[in-house]
Amino acid sequence: MQSLTSLTKHPLTSGRSALSALVGNTPLLRVSEPLAPAGRGFWAKLEGFNPGGIKDRPGLHMVERARARGDLRPGGRIIESTSGTLGLGLALAGMVHGHPVTLVTDPGLESSMTRLLTAYGAQVNVVSEPHPTGGWQQARRERVQRLLQQHTDAWCPDQYNNPDNVAAYTPLALELASEMGHIDVLVCSVGTGGHSAGVSRVLRQLYPELAVVGVDTIGSTIFGQPARTRLMRGLGSSIYPRNVAYENFSEVHWVAPHEAVSTCRRLAASHYATGGWSVGAVALVAGWFARTMPADARIAAVFPDGPQRYLGTVYDDDYCAAHGLLDTPPAAEPDVIGRLDEKEVTRWTRCTAVADPLTLRERQQDVTAADDTGAASDPAEADR
């Protein structure tokens, strides 16, 4: 039995500072059958064991760095756009450091999440109409700008472009490296681009041959597909976040909602661990790698959250039936396209030629302009 003297050498952290200590050092779970054959599988980092999920990490880090620089003054308001999980992280950071928090979201946010964010002291501001071209995300961002003009002491983390969002995931990368020893493949969902960029940047330094696999949703523009109304939240985007490290990706997979739902449910029934849309999509892709790579390949997958906020969607039979999500199980293999914009994808699809869509668009415009200039300058040459 420990003595009282030995116990007092390590006093328990108390008060608000103890809240930060709850973030990080999340469990690692081996996932095998039925997503992979016996003897094969992948390791899942269960970020849902953070108080609010994976974005507790950047929520705290971005706020702490802004305070250190003086961008966020004591007592200043934090205002940000969110589809939910970062909102939890910012609510936590606001509580730890004494800042009021306003979160701008849209009608797609689950009512349970709205109630939870409110319970944690955040103000939830809901936009009513999507932006004509930028969808709900752009509408939320424009609302954030208007609110910042109303609150002169306020600060916006700008998670889509803030490099502190990326840097926040260095501890997660180091946890994975320490726990796994070596990693051949990293599978991450992509939304703001923060955790895929932050984790891959560190792990690539440790394992130069690492394959980084991005997982997106159909209807997302991040990897050059056309923007469509999206059912899945937490991954995908209708804008082009500048935190996405396109150069780090070896390939990208797009996943449809019914494929994510099926995988979430299989995962829950077999491993007593699961999560939301992102988890289902990531698990589907990681399972495929476990089936198709050598048995000794070490595959790491990041599960951003747990199942709690999805009890009324992913795990609700009536909701899933109404959206046609229970009719067709995922195929055993993804479709394959050779170019990001080769065709509009509607089911699980893979592409190994990853590039920044904005860069590709600029190159295409330059080529078109050069062709037009050449044709106009020498019509006779064009006839030859």
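This is a short tour of a predicted model, stop by stop, with something to select at each one.

**Stop 1: the start of the chain**

Select Asn25, in the loop between helix 2 (17-20) and strand 1. Is Asn25 buried or exposed? Its relative accessibility is 68%, so Asn25 counts as exposed. Now look at its backbone: phi is positive, about 55°, although Asn25 is not a glycine. That deserves a second look because most residues other than glycine have a negative phi.

Move along to Pro34, in the loop between strand 1 (28-31) and strand 2 (42-46). Show the backbone from Glu33 to Pro34: the peptide bond there is cis, with omega near 5°. For background, most peptide bonds are trans.

**Stop 2: another positive phi**

Go to Asp158, which sits in the loop between helix 6 (135-150) and helix 7. Asp158 is not a glycine, yet its phi is positive, at about 50°. With a relative accessible area of 26%, Asp158 is partly exposed.

**Stop 3**

Select residues 194-206, which make up helix 9.

Next, colour the buried residues of helix 9: Gly194, His195, Ser196, Ala197, Gly198, Val199, Ser200, Val202 and Leu203. What covers them? The cover includes helix 7 (163-167) and helix 8 (170-180), along with strand 6 (185-189), strand 7 (211-217) and strand 9 (299-303).

**Stop 4**

Click on Gln225, in the loop between strand 7 and strand 8 (251-255). A relative accessible area of 4% means that Gln225 is buried. Display its side chain and follow it in two directions. It reaches the backbone oxygen of Leu340 at 2.8 Å, and it also reaches the backbone nitrogen of Val345 at 2.9 Å. Leaving aside neighbours within four places in sequence, the residues in contact with Gln225 include Ser220, Trp254, Ile337 and Asp341.

**Stop 5: Asp341**

Asp341 belongs to the loop between strand 10 (335-336) and strand 11 (349-351), and its relative accessible area of 39% makes it partly exposed. Which side chain does Asp341 join through a polar contact of 2.6 Å? The partner is Arg339.

**Stop 6: two crossing helices**

Show helix 10 (residues 257-271) together with helix 11 (residues 277-292). Their axes come within 7 Å and cross at roughly 85°, so the two helices are roughly perpendicular to each other. On the helix 10 side, the contact is made by Pro257, Glu259, Ala260, Val261, Thr263, Cys264 and Leu267. From helix 11 come Trp277, Val279, Gly280, Ala281, Ala283 and Leu284.

**Stop 7: a pair of cysteines**

The structure as a whole holds 0 disulfides. Cys264 counts as buried, at 0% relative accessibility, and Cys320 is buried with a relative accessible area of 0%.

Key
Residues numbered from 1 in each chain as written. Predicted model: local features only at pLDDT ≥ 70, side-chain atom pairs only at ≥ 80, totals over all residues. Heavy atoms only, no water. Helix = DSSP H or I, 4+ residues; strand = E, 2+ residues; numbered from the N terminus. Expected span 1.5 Å × (residues − 1). Buried < 20%, exposed > 50% of the residue type's maximum accessible area, 1.4 Å probe, protein only. Contact = heavy atoms within 4.5 Å. Disulfide = S-S within 2.5 Å. Polar contact = N/O pair within 3.5 Å; in protein donor to acceptor, adjacent residues only side chain to side chain. Axes fitted to C-alpha atoms, helices over the stretch in contact; angles between N-to-C directions. Parallel < 35°, antiparallel > 145°, perpendicular 65-115°, else oblique.
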